[in-house]
Amino acid sequence: METRDYARIDRRTFLKVAGTAGAAAGLVGAPGFAPLALAQDKPTADAIIHGKSAKMIVHNGKLGVMETPLDMLRGHRTTPMDILYNRTHFPVDGDGKWMATTEPADRETVQNWTIQVSGLVQRPKSIKVSDLEQMDHVKRVAVMQCAGNGRSYYWAKAKTPGSGWKHGGMGNLEWEGVPLKSLLTSLELSPDDSVKFLTANGKDQPPVKGGADVIKSYHLAAPQLDDAILALRMNGKPIPTIHGGPVRLIIPGYYGNMNIKWLTDLQLMNEPTPSAIMQKTYRMPHSQVEPGEFTTQDLTRENSTPTYGFAIMSVLFAPLAGQTVKAGEVELKGVAWNDGVAALEEVRISLDQGKTWLQTEVDSSDGPYAWHHWQKSVKLEAGSHEVWVRATDAWGRSQPLDGLSTWNPGGWDWHGVDRVRFEAA
Ligand SMILES: Nc1nc2c(c(=O)[nH]1)N[C@H]1C(S)=C(S)[C@@H](COP(=O)(O)O)O[C@H]1N2
Ligand SMILES: [Mo]
């Protein structure tokens with residue numbers, strides 16, 4: 001949606017500014033000045049968001065959208081903040097500059113921060129960070145993942161709008177804060193039982209009047225809502241500003257877009273929000289659709305569902321695609337996860353294009369919403385190999401062998417069997 005428009009405006013403006021400024025200053029053609037390099041050199045992640053690793057893959061500099069290279073994602077139990085992917089919907093420069101840092105909010109911001117709770121409650125309430133600090137806290141490890149993670153793999157079938165994420169639009173994080181349920185039980189809801197939805201909004205605003213704000217609604221009855229947290233800490237520290245500090249709504253098992261950063265408003269409602277980001281975008285069609293026959297414009301409340309819970313997924317962390325490993329005993333490993341409501345029962349690998357599958361050892365000690373680390377040692381002869389990985393949960397949900405079968409016009413929900421080619425020598 002907006003992403004592409006901003007990208008276009010950004011580039012055009014940039015080229016114009018770069019061109020005229022260069023010419024006016026008499027720099028073009030001057031010794032040591034390389035106008036081509038100026039137009040091509042994109043700022044690295046650390047220049048866009050203070051505290052990010054320069055090695056992040058930048059998808060949209062204006063919006064600060066960036067993903068983690070896969071080789072940096074492995075090797076951590078929880079993802080360090082300097083390499084955690086980022087997705088923001090509005091520019092992180094100009095008026096949005098306050099977002100562009102991994103530093104936590106300053107004292108004054110924290111002291112003045114309020115969350116308005118309104119809608120179908122007897123008395124609307126205003127909650128401060130200090131109120132949340134005084135309540136009982138819980139900790140939960142959970143995957144954060146953009147619903148567009150893996151989108152670029154769909155492009156083998158047909159291009160979609162949105163950033164070309166590989167697998168790095170995700171991380172595994174420890175969140176700490178107040179259970180949403182303890183807050184809700186402390187509220188006096190209106191006597192009728194029509195309160196079915198919770199709607200959340202954050203401090204960020206669309207830069208253009210009438211632009212789509214990031215507002216989301218949740219079914220209060222969904223199991224993940226029981227485990228939701230008004231989070232104040234990420235990986236044991238105050239939440240970095242770019243990741244939603246001082247307060248972020250964490251719904252574990254739900255796609256990133258449902259985890260509202262910079263939480264300022266909670267509303268109890270009997271209908272979901274009419275916001276475009278809820279009703280038009282971030283939706284999965286109920287049935288298989290084909291490119292050209294169905295576009296994002298065709299998505300309605302009747303024929304599609306918002307991207308709530310994660311589809312079951314697994315990814316190989318080692319070996320990585322194109323890598324050469326020593327022939328003989330080779331350790332295959334990676335992570336798997338689902339939406340947390342059914343146990344993730346097994347992760348299997350295949351070295352013969354799906355003819356036979358081998359069980360891997362799965363570690364789920366960080367709880368149902370966290371990455372489940374899996375591993376398997378296999379004997380491999382020298383030569384080229386392809387490994388497939390597939391997770392299955394207690395409800396029998398699994399990954400499609402052909403990931404393209406879930407192609408959809410928004411490019412959401414990629415969860416095809418991961419196929420990785422590597423060499424043994
Ligand atoms: N207020 C607000 N919350 C937001 C967003 C946003 O733009 N504004 N983006 C959402 C999307 S689409 C994703 S994928 C996650 C990204 O979280 P991260 O940047 O902390 O990794 O935040 C979500 N929460
Ligand atoms: Mo996202």
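Trainee: How many salt bridges does the structure hold?

Mentor: Side chains of opposite charge can pair when their charged atoms come close. A salt bridge is counted here when a side-chain nitrogen of Lys or Arg lies within 4 Å of a carboxyl oxygen of Asp or Glu. The structure holds 15 of them. This is a predicted model, in which local features need pLDDT of at least 70 and side-chain atom pairs count only at pLDDT 80 or more, while totals for chains, interfaces and linings use all residues. Residues are numbered from 1 along each chain as its sequence is written, chains are lettered from A and ligands numbered from 1 in the order in which they are written, and side-chain values use heavy atoms, with hydrogens and water left out.

Trainee: Which parts of the chain does the pair of Arg140 and Asp227 link?

Mentor: These two side chains form a salt bridge of 3.7 Å from N to O. Arg140 belongs to strand 5 (residues 138-145), and Asp227 to the loop between helix 9 (223-226) and strand 9 (229-234), so the pair links distant parts of the chain, 87 residues apart. Helices (H or I, at least four residues) and strands (E, at least two) are DSSP runs, numbered from the N terminus.

Trainee: Is Asp393 buried or exposed?

Mentor: Buried means under 20% relative accessible area, exposed over 50%, and partly exposed in between, with a 1.4 Å probe and protein chains only. Asp393 is buried at 2%, whereas Arg397 is partly exposed at 27%. Their side chains meet in a salt bridge of 2.8 Å, N to O. Salt bridges with shared partners also join Glu133, Glu176 and Arg233 into one network.

Trainee: What is the distance between the closest N and O atoms of Glu331 and Lys333?

Mentor: In that salt bridge they are 3.8 Å apart. Glu331 is partly exposed, at 35% relative accessibility, and Lys333 is partly exposed, at 37%.

Trainee: In what order do the five strands of the open sheet stand?

Mentor: Strands of a sheet pair through backbone hydrogen bonds, either parallel or antiparallel. Two strands count as paired if DSSP finds at least two bridges between them. The order here is 16-23-22-18-19, with mixed pairing. Strand 16 (324-325) and strand 19 (358-359) are at the edges with a single partner strand each, so one side of each has no neighbour in the sheet.

Trainee: How many bridges join strand 22 to strand 23?

Mentor: Seven bridges join strand 22 (residues 383-393) to strand 23 (residues 418-424), and the two run antiparallel. Ser384, for instance, has Glu423 in strand 23 as its bridge partner.
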